[in-house]
Amino acid sequence: QVQLVESGGASVQAGGSLRLSCVVSRDTYSYKYMAWFRQAPGKEREGVAGINRFSPYSSARYYADSVKGRFTISRDDAKNTLYLQMNSLKPEDTAMYYCAADLVAGSSWSAPQYNYWGQGTQVTVSS
């Protein structure tokens, strides 16, 4: 059973920064695609950022338009950890944030079609 554990969520004021971490219980090198999603109350889960490791030394990164230029996704396979650096936070970024691993074949990175999910970490941004 693979476990993903997120941390780093908090309550911050607009303009602030947070760094989310997601520790995976097994070798993340096995998962080419990993991603961060978020879900606000009453809304669908949406892809925030994805990362595709297509070589040991290079990865492609993908972002939702709403977070481009503010959020940065990264991974450290040596530590089995996925990160999300969030800067210039806005109240509309308030949501539960989830990490995901192992994209179902043929799916877009931003679709919630991953085999493994964490339990989430809450981010609240006040104005």
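A salt bridge here is a side-chain nitrogen of Lys or Arg within 4 Å of a carboxyl oxygen of Asp or Glu. Arg75 and Asp77 form such a bridge, their closest N and O atoms lying 3.0 Å apart. The model is predicted, and the count of salt bridges in this model comes to 6.

**Salt bridges**

- Arg38, Glu46, Arg70 and Asp93 are linked in a network of salt bridges.
- Arg38 counts as buried at 5% relative accessibility, whereas Glu46 is partly exposed at 33%.
- Arg75, the partner of Asp77, has a relative accessible area of 13% and is therefore buried, the cut-off being under 20%.
- Lys68 and Asp65 also form a salt bridge through their side chains, at 3.2 Å from N to O.
- Asp65 is exposed, with a relative accessible area of 66%.

**Strand β3 and its neighbours**

- Strand β3 spans residues 18-24 and is mostly covered, with 5 of its 7 residues buried.
- β3 pairs with strand β1 (residues 4-7) in the antiparallel sense, over 4 bridges.
- In this pairing, Cys22 of β3 is the bridge partner of Glu6.
- β3 also runs antiparallel to strand β8 (residues 81-86), and 6 bridges join the two.
- Leu18 stands opposite Met86 in β8.
- In a regular strand, side chains alternate between the two faces of the sheet.

Terms used: Residues are numbered from 1 along each chain as its sequence is written. This is a predicted model: local features need pLDDT of at least 70, side-chain atom pairs count only at pLDDT 80 or more; totals for chains, interfaces and linings use all residues. Side-chain values use heavy atoms; hydrogens and water are left out. Buried means under 20% relative accessible area, exposed over 50%, partly exposed in between (1.4 Å probe, protein chains only). Two strands pair if DSSP finds at least two bridges between them.
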